[in-house]
Amino acid sequence: MLTSNALDSLRNHLKTSIAYARYKVGSTYYEAPIETAEILADGRIAITFVIDHTVAGNITVTEVQLFDHNGVLWANKAESITRADAQEGILYRFRFTIQEE
């Protein structure tokens, strides 16, 4: 069984390993910097980035991804997030739970 110290170490490793995000609009991927990477009070890891107004017009984001510092895909999720033409971005957050069962 993993100790609480081992679980904390895994959480910290995940938090510091994510380097950037990407999101897909149409057939094109756009890179986004990580805004925050934190361990929440309940032990979950939260990775946050902004889908900004770089892409003009009405858009639908169909996938989001997280990559490590070596450019290796760590997480991805199919989405259907619609944004009207705007000057504002969409705040997106991945949350992960690491626990022993």
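The structure holds 5 aromatic pairs. The model is predicted, so local features need pLDDT of at least 70 and side-chain atom pairs count only at pLDDT 80 or more, while totals for chains, interfaces and linings use all residues. Residues are numbered from 1 along each chain as its sequence is written, and side-chain values use heavy atoms, with hydrogens and water left out.

Q: Why is the aromatic pair of Tyr20 and Phe67 called stacked?
A: Rings of Phe, Tyr and Trp (its six-membered ring) pair if their centres lie within 6.5 Å, and planes under 30 degrees apart count as stacked, over 60 as edge-to-face and the rest as tilted; Tyr20 and Phe67, at 5.0 Å centre to centre with 5 degrees between the planes, therefore form a stacked pair.

Q: What makes this pair tie together parts that are 47 residues apart in sequence?
A: Tyr20 lies in strand β1 (residues 18-25) and Phe67 in strand β4 (residues 59-68), where strands are DSSP runs of E with at least two residues, numbered from the N terminus.

Q: How do you know that β1 and β4 pair?
A: Two strands pair if DSSP finds at least two bridges between them, and β1 and β4 have 7 bridges in the antiparallel sense, so they qualify.

Q: What makes β4 mostly covered?
A: In β4, 8 of its 10 residues are buried, that is, under 20% relative accessible area, with exposed meaning over 50% and partly exposed in between (1.4 Å probe, protein chains only).

How values were computed
Helix = DSSP H or I, 4+ residues; strand = E, 2+ residues; numbered from the N terminus.
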